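Me: I am new to this structure and would like to learn how to read it, feature by feature. Could you take me through it slowly?

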Amino acid sequence: MPLHLVKLCVGVESVQDLEGWIARRARAAQARGEAFTPEHVTRMTPKRGDEIRDGGSLYWVIKGQIAARQGILDLRGLVDGEGVSRCAIVLEPQVRPVRPRPMRAFQGWRYLAEKDAPPDLAETGAGLTDMPESLRRELGELGLL
């Protein structure tokens, strides 16, 4: 069973904002003639990497709610320009909105078991993907989603 990570998506206001940020980075890489693979660099490397590589996702907390996820393709060790070891979480380019769930702020990342992961909106039926994100967020805050 896959293991997931949860991380705050700092500076992003919505799922569409996250998708736009990824698209801008992809266009900039293309303009430089480089291949683009989305990744998020963290200071620490997850100790349970094999479980994460086995179908795990990075769930993004946006404005106090788990709101979206990206599949994790790999975890790569790297050294930054100052000689500090880091971990690059290599992600699928597609961002999948999930059923909103409140989550308090925290530092770093947290593990998320498969049984505790919110479902993708596309899997829930009920027309939630057609609903504006602001309304989904509000209903999630009220505990109605």
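Reply: Let us begin with exposure, where buried means under 20% relative accessible area, exposed means over 50%, and partly exposed is in between, computed with a 1.4 Å probe and with protein chains only. By that scale Lys63, at 49% relative accessibility, counts as partly exposed. This is a predicted model, in which local features need pLDDT of at least 70 and side-chain atom pairs count only at pLDDT 80 or more, whereas totals for chains, interfaces and linings use all residues. Residues are numbered from 1 along each chain as its sequence is written, and side-chain values use heavy atoms, with hydrogens and water left out.

Me: Where does Lys63 lie, and what is its phi near?

Reply: Helices (H or I, at least four residues) and strands (E, at least two) are DSSP runs, numbered from the N terminus. Lys63 lies in the loop between β3 and β4, and its phi is near 50°, a positive value in a residue other than glycine. A positive phi, near 80°, is also found at Gly33, which follows α1.

Me: How many helices and strands does the protein chain have, and which pattern do they follow?

Reply: The protein chain has 4 helices and 7 strands, and along the sequence they follow the pattern β-α-β-α-β-β-β-β-β-α-α. Of its 145 residues, 37% count as buried. To read how the chain folds back on itself, we use contacts, meaning heavy atoms within 4.5 Å. Among contacts between residues at least 6 apart in sequence, 67% join residues at least 24 apart.

Me: Which residues have the most contacts inside the largest nonpolar core?

Reply: A nonpolar core is a set of buried Ala, Val, Leu, Ile, Met, Phe, Trp, Tyr and Cys residues joined through side-chain atoms within 4.5 Å. The largest one here has 20 residues, and those with the most contacts inside it are Leu5, Leu18, Trp60, Ile62, Ile72 and Ile89. At least two residues of this core are supplied by each of β1 (3-8), α1 (15-31), β3 (57-62), β4 (65-79) and β5 (85-91), and the largest share, 4 residues, comes from β4. Apart from this core lies another, of 8 residues, among them Tyr59, Val61, Phe106 and Ala117. Returning to Ile72, and not counting residues up to four places away in sequence, we find that Ile72 touches Leu5, Ile52, Gly56, Ser57, Leu58, Ile89, Val90 and Leu91.

Me: How should I read a helix such as α1, and why do its buried residues line one face?

Reply: An α-helix has 3.6 residues a turn, so residues three or four places apart point the same way. In α1, Val15, Leu18, Ile22 and Ala29 are buried. Seen down the axis of α1, the buried residues fall within an arc of 65° (the arc of the directions from the helix axis to the C-beta atoms), so they line one face of the helix. On the other side of α1, Arg27 and Ala31 are exposed. As for length, the expected span of a helix is 1.5 Å times one less than its number of residues; the 17 residues of α1 should therefore span 24 Å, and the end C-alpha atoms are 24 Å apart, which agrees.

Me: What does the side chain of His4 reach, and is His4 buried or exposed?

Reply: A polar contact is a pair of N or O atoms within 3.5 Å; within protein, one must be able to donate a hydrogen and the other to accept it, and residues adjacent in sequence count only if both atoms are side-chain atoms. His4 is found in strand β1 and is buried, with a relative accessible area of 3%. The side chain of His4 reaches the backbone nitrogen of Ser57 at 2.9 Å.

Me: Which backbone atom lies 2.8 Å from the side chain of Thr42?

Reply: That atom is the backbone oxygen of Met44, which lies 2.8 Å from a polar atom of the Thr42 side chain. Thr42 lies in strand β2 (residues 39-42) and counts as buried, at 6% relative accessibility.

Me: Which backbone nitrogens does the side chain of Tyr111 reach?

Reply: The side chain of Tyr111 reaches the backbone nitrogen of Lys47 at 3.1 Å and that of Arg48 at 3.3 Å. Tyr111 lies in strand β7 (residues 109-113) and counts as partly exposed, at 30% relative accessibility. The C-alpha atoms of Tyr111 and Leu3 are separated by 6.9 Å, although these residues are 108 residues apart along the chain.
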